[in-house]
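Morning, everyone. I'll take a few minutes on one structure, so please have a look at it first.

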Amino acid sequence: MAQRSTFPPGLELEARKTAPMRQPLRAAPVPPLLVVALDQGSGDAAEPLLAAGARVRIGTPVGRAEGETAVAVHSPVAGVVRGVEIRPVHGPAGEGVCVVIENDGSDEVEAGYAPIDWPMLPPQELLARIRSAGIAGLGGAAFPAHAKLAAARERAATHLVLNGAECEPWICCDDALMRERAADVVLGAQVLLHACGAAKCTIAVEDDKPEAIAAVEVALAAAADPRIGLTTLRAVYPAGAERQLLAAVAGVEVPHDALPPAVGVMCQNVGTAAAAAHLVRTGQPITGRIVTVTGSGVREPANVDARLGTPIADLVAACGGYVSEPLRLIAGGSMTGRALATDAVPLTQAVNCVVVATAADLVARGREMPCIRCGDCASVCPPGLLPQSLLRAINAGDEAEVARHGLADCIECGCCDYVCPSRIPLTARFRAARAARKVQLDERRRAAAARERYLRHEQRLAAMAEAERQAFEAARNRARGEPEG
Amino acid sequence: MAMSFETSPAPHVIAGFTVPRVMFQVLLALLPVAVVQVAAFGPGLLLQMLVAGPVALACEALALRARGRDAAPFLRDGSVLVTAALLAVAVPPLLPWWLMALGTAIAVLLGKHVFGGLGSNPFNPAMVGYAALLVSFPLEMTRWPVPFAPEGDWDAYTGATALDALRTGLGQRLTMEEIFAGPAFGSLGGRGAQWINLAALAGGLYLLARGLVRWHIPVAVLAGIALPAFVMHAIDPGAYAPAAFQLSSGATMLGAFFIATDPVSAATSDRGRLVYGAGIGAIAWAIRTWGGYPDGIAFGVLLMNAAAPLIDRYTVPRIHGH
């Protein structure tokens with residue numbers, strides 16, 4: 001297979017990150033009421049452990065991870081559980097089960113957490129600690145960190161890439177983290193290396209973050225760990241997309257039907273590494289994250305270190321509140337972020353940025369025109385699809401063509417939408433087609449299962465009828481035989 | 001009290017490119033060709049444009065109405081004006097007005113709207129109109145004025161173009177030197193056509209620089225013409241015109257940068273577009289060299305339009321990770 005060390009052009013986008021970076025990273029005030037989502041963003045919720053009235057402290061488990069992609073959830077605050085309720089959340093469903101906790105202001109920490117002597121810990125135990133700490137990937141996808149690390153260990157991956165590219169406009173929480181807590185990132189890299197067994201680690205940062213690069217360099221010099229290095233990338237969106245980043249940094253192309261450990265690499269966000277550092281330093285589970293609060297609709301854009309469960313309304317209030325006419329509330333950046341219907345949505349591990357967008361921050365789409373097949377979309381597509389042909393195949397309902405044009409390989413980065421002169425919402429169409437495809441596959445699977453069940457049922461009935469018949473025959477034979485016998 | 005917001009799918013910003021912007025840039029890039037053509041062959045082109053423009057808009061409006069579509073956004077997008085302008089610069093400037101009108105109507109109605117309008121036409125509409133006129137009215141369509149005629153009655157000065165004179169001359173077993181000494185020839189290509197080609201090259205480079213046209217098709221078309229011309233001229237300079245002549249005669253540059261690059265009817269991927277462009281160039285050269293028409297750009301484009309879906313089938317780029 002041919003290897004491509006860098007990905008096709010992508011887009012050079014206006015970064016729009018300067019306003020929050022003018023403010024130092026600071027802690028957001030802890031609100032009186034926290035809404036802790038049991039799904040921290042991976043799409044798989046934890047099982048609630050507590051009911052209304054329970055007393056909690058910082059680090060008290062409130063949700064147990066049952067599914068493979070769920071993370072354990074802990075109370076980010078000391079206080080009393082007011083209820084376990086369905087509330088608006090950030091995920092695609094729009095709402096989910098949350099544990100609502102009233103803050104008593106004491107910030108008492110649950111007993112029993114102590115710093116971890118991690119270099120002495122066998123990797124499996126360290127993985128178990130990361131798992132029980134409930135750390136999800138903090139880059140936006142919120143996939144459980146331990147699951148990725150365990151997969152890397154299982155496949156004997158050798159190269160860990162820490163993603164500090166942060167390529168999407170508006171988002172700068174990783175930039176703030178690297179500038180102010182670079183030592184945490186480097187310590188986290190060491191912890192993650194120990195956990196996953198990789199031999200080396202590369203911290204990848206886009207070249208438009210010179211302060212972050214300098215800070216990481218200082219931290220690396222202090223740590224003097226020859227296994228960990230720094231690579232700068234040209235600031236092109238989406239340099240931080242996992243497969244594109246691995247191609248650029250590690251020079252490997254991850255097969256479409258496999259995960260990165262299959263080719264000896266793995267990717268974690270720099271924030272995830274810092275969370276691992278926090279874990280070994282305190283022993284405490286993850287209860288907060290850095291989030292960028294920005295956009296023309298917020299008075300003082302800033303990066304804040306906030307408790308998970310803080311409603312976005314409180315995050316905005318912590319940054320001076322709303323100004324002018326906020327139109328859209330975006331969780332994430334301008335290219336892939338999800339527009340939220342309400343600011344009651346709480347902070348989860350998946351939310352790296354909140355953009356309070358006014359008309360000045362958005363571009364009206366205008367009327368959609370027919371595709372003129374100009375190919376601008378294909379020239380910017382990072383995985384190298386032909387979006388115009390893919391859309392045609394989707395519109396024609398031609399499943400084989402849809403598959404051939406790689407619907408499954410679309411990374412939903414939005415580049416094609418961005419350049420389309422006909423204003424076709426390609427990404428939304430692809431997302432919808434994928435969702436429809438998933439429903440269809442689920443239905444087929446269910447239908448197959450139902451058919452199987454039905455056949456088994458028929459067989460069982462036939463077997464029962466047969467058994468009954470034989471019993472009847474035997475009884476009759478016995479009855480007939482009795483007078484003679 | 002929680003605040004509510006509108007929701008909308010990502011991405012939330014777009015570059016704001018529009019189809020009209022693209023089309024008007026193409027018209028702008030066509031300006032040097034128009035200026036040079038008027039300078040070389042007189043103001044006939046302006047009359048052709050005055051006929052083609054309104055007829056094209058009227059046909060577009062009529063067709064959209066008949067198809068039950070809202071005409072306004074499509075009339076504004078400028079694509080139909082590009083079709084009209086390309087056809088107008090391609091035909092001889094002294095073509096009877098009703099032929100221009102007929103050709104334009106064929107281009108818009110039969111070339112574009114019978115297939116579903118903007119974005120759906122398998123053939124380049126301007127070339128559909130051009131080819132229909134050429135096969136139906138070969139005499140009118142090949143009668144070009146003598147370039148840079150001093151003044152007076154343009155009709156009296158019509159004569160063979162350089163490509164035409166080359167074919168006739170070779171038929172009469174004249175030598176290349178004798179043929180090139182003829183009145184239709186300039187220092188490189190046709191006496192008028194070489195300047196038009198230069199102007200089209202300038203306009204084309206502008207389109208390339210603005211990113212409105214990608215390099216694959218023009219380069220492939222030019223290579224498709226120049227390569228066989230170069231090889232055959234090297235083998236038999238007495239029977240085959242040099243590559244420089246081929247590149248600067250007829251509709252070469254116009255075809256390479258403005259006509260073959262119509263994305264709707266071209267191949268899709270970069271690799272496919274190389275094949276597509278090379279095919280146009282090679283067919284045009286073959287028709288010029290051995291065919292029954294002096295130029296072959298229009299037929300080259302139409303034939304490769306027909307081949308584009310097939311090319312697309314075999315040139316899907318490799319997807320990352322496959």
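Which residue with a positive phi follows α8(B)? That is B:Arg173, with phi near 60°. A word on names: helices (H or I, at least four residues) and strands (E, at least two) are DSSP runs, numbered from the N terminus.

Some ground rules. This is a predicted model, where local features need pLDDT of at least 70, side-chain atom pairs count only at pLDDT 80 or more, and totals for chains, interfaces and linings use all residues. Residues are numbered from 1 along each chain as its sequence is written, while chains are lettered from A and ligands numbered from 1 in the order in which they are written.

How confident is the predictor? pLDDT is its confidence in each residue, from 0 to 100. Chain A has a mean pLDDT of 93, and 97% of its residues reach 70 or more. Residues 1-7 of chain A stay under 50. Where pLDDT is low, the predicted coordinates should not be read in detail.

Back to helix α8 of chain B, residues 162-171. Its buried residues are B:Ala162, B:Leu163, B:Ala165, B:Leu166, B:Arg167 and B:Gly169. Buried means 20 or more other C-beta atoms within 10 Å of a residue's own; exposed means 12 or fewer; partly exposed is in between, with C-beta atoms placed from the backbone. The cover over those residues includes α9 (176-180), α10 (193-209) and α14 (270-290) of chain B.

Next, the sheets of chain A. Two strands pair if DSSP finds at least two bridges between them. One open sheet has four strands in the order β11-β10-β9-β12, with parallel pairing. Its edge strands are β11 (228-233) and β12 (265-269). Inside the sheet, β9 (residues 159-164) and β10 (residues 200-206) of chain A share six bridges. A:Leu160 stands opposite A:Cys201 there.

Which helix lies across this sheet's β9, β10, β11 and β12? Helix α4 of chain A, residues 173-196, at about 160° to β9(A). Axes are lines fitted to C-alpha atoms, for helices over the stretch in contact, and angles run from 0 to 180 degrees between N-to-C directions. Contact means C-beta atoms, placed from the backbone, within 7 Å.

Now the antiparallel part. β7(A) and β8 (residues 95-103) of chain A pair over nine bridges. A:Val81 stands opposite A:Ile101 in β8(A). Six residues sit between the strands of this hairpin, and A:Gly94 takes a positive phi near 90°.

On to the core. A nonpolar core is a set of buried Ala, Val, Leu, Ile, Met, Phe, Trp, Tyr and Cys residues joined through C-beta atoms within 7 Å. The largest one has 263 residues.

How do the chains meet? 36 residues of chain B are in contact with 56 residues of chain A.

Last, some backbone details. A cis peptide bond joins A:Tyr237 and A:Pro238, with omega about -5°. A:Pro238 lies in the loop between β11 and α6 (242-249) of chain A. In chain B, the bond from B:Ala10 to B:Pro11 is also cis, with omega near -5°. A:Asp107 is not a glycine, but its phi is positive, near 50°. Why does A:Asp107 count as partly exposed? Because A:Asp107 has 13 C-beta neighbours inside 10 Å.

Key:
Two residues are in contact if their C-beta atoms, placed from the backbone, lie within 7 Å. pLDDT is the predictor's confidence in each residue, from 0 to 100.
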